[in-house]
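Please keep the sequence and the model in view while working through the numbered points.

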Amino acid sequence: MNPSGFQIELAHGAYTAVVTEVGATLRELRHHDHALVVPFGADEIRPNFRGAVLQPWPNRVAGGAYTFQGDERQLPLTEPDRGNALHGLVAWARWQVAAQSADTVELTHQLVPFTGYPHPLDLRVRYALDDAGLHWTVAATNTGAGPAPYGTGPHPYLVAGAGRVDDWSLELPAAEYLAVTPDRLLPAGVEPVDSAGFDFRTPRRLGDIFIDHAFTALAPGADGVTRAVVRADDGRGVVCSWNVAECPWVQIHTADRPGEAGHRIGLAVEPMTCPPDAFNSGTDLVVLEPGQTHATTWTIAAL
């Protein structure tokens, strides 16, 4: 068996994708023969969270500790070097295929409650290719008897073309970003993007800038959709788009991993329903009532 489990191949027109059983992960996405996300091999253990689904929270929970409706809880510290709980509970879980066609697949997973997160959730991920690209929908239904804190986001590393992050430009209509502590990358307050050189409202080359921050105050287009556009020098590129009312935050990471093969080979663009450590701050935290379903969609397409 492949380390990422069974492989699900999708195709529509010029687009192809490969989704895996483990983590309901997007392992590959191509337009013609151009990669739109950083792939990994079917015989590899998925590097970090590349292409994974993040539920029931994205990003970090400080110290893995939080209080919800008066109950103090402790999550496993899955980022031990920083002492945080990182990227939810299902990125390494096996998912089941519920429906599949040539260009669409739906996967499901039943999240089992435990002391750190005592909420059973029915989770569903849908990947669908059409002429407009890949539509990636994530949903959660609270099957428990009480309310549940919840957040979500994806973790693709976008590829604009040849070269690395340094060689591409970014356009991101965000007016604010979340400053973080240097040691644990925990929230330290929202600031204007121009205070840190993070203003990409006009497209500009990334160069050697380091980014591992959440952005907000996102300006939607007339259709209510926010777009992060990454381009190579030849004009080709990739766009990630989402409804800002559903995901008012987006994490951008330049994939800085000095000494590793994956160093700055893709730009992580992660639309999020809430910021880092929302289980503690409550900022934009979704509270799922019993029987309630929350769903959100983002799209990745070639330019």
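Predicted model: local features only at pLDDT ≥ 70, side-chain atom pairs only at ≥ 80, totals over all residues.

1. Is Cys240 buried or exposed? Cys240 is buried, with a relative accessible area of 1%; here buried means under 20% relative accessible area, exposed means over 50%, and partly exposed lies in between, using a 1.4 Å probe and protein chains only.

2. Residues are numbered from 1 along each chain as its sequence is written, and side-chain values use heavy atoms, with hydrogens and water left out.

3. The protein contains one helix and 27 strands. These elements are DSSP runs, numbered from the N terminus: helices are H or I runs of at least four residues, and strands are E runs of at least two.

4. Taken along the principal axes, the box filled by the C-alpha atoms is roughly 55 × 45 × 45 Å.

5. Of the 303 residues in the protein, 54% are buried. The accessible surface comes to about 11900 Å², and carbon and sulfur atoms hold 51% of that surface. Such areas come from the Shrake-Rupley method with a 1.4 Å probe; for residues, only the protein chains shown count as cover.

6. Among contacts with a separation of 6 or more, 64% are between residues 24 or more positions apart. A contact means heavy atoms within 4.5 Å.

7. The protein carries 20 positive and 35 negative side chains, and the centres of the two sets lie 3 Å apart. Lys and Arg count as positive and Asp and Glu as negative, whereas His and the chain ends are not counted. The place of each charge is NZ of Lys, CZ of Arg, CG of Asp or CD of Glu.

8. How many disulfides does a search of the whole structure find? The search finds zero, a disulfide being a pair of cysteine sulfur atoms within 2.5 Å. Cys240 is in no disulfide, and the nearest cysteine sulfur, that of Cys247, is 9.1 Å away. Cys247 is likewise in no disulfide, and Cys247 is buried, with a relative accessible area of 0%.

9. Thr25 deserves a separate look. Thr25 is found in the loop between β2 (15–20) and β3 (26–31), and this residue is buried, with a relative accessible area of 0%. Neighbours within four places in sequence aside, Thr25 is in contact with several residues, including Phe40, Arg46, Arg50 and Tyr127. The C-alpha atoms of Thr25 and Gln7, which are 18 residues apart along the chain, are separated by 9.7 Å.

10. Asp166 and Ser169 may be read together. Asp166 is in the loop between β16 (157–158) and β17, and Ser169 is in strand β17 (residues 169–171). Asp166 is partly exposed, with a relative accessible area of 25%, whereas Ser169 is buried, at 19%. Not counting residues up to four places away in sequence, Asp166 touches Arg205, Leu206, Gly207, Asp208 and Arg264. The C-alpha atoms of Asp166 and Pro192, 26 residues apart along the chain, are separated by 23 Å.

11. Pro56 lies in the loop between β5 (53–54) and β6 (60–62).

12. Asp277 has a phi near 60° and is in the loop between β25 (267–272) and α1 (278–281). Gln69 is exposed, with a relative accessible area of 59%, whereas Asp277 is buried, with a relative accessible area of 12%.
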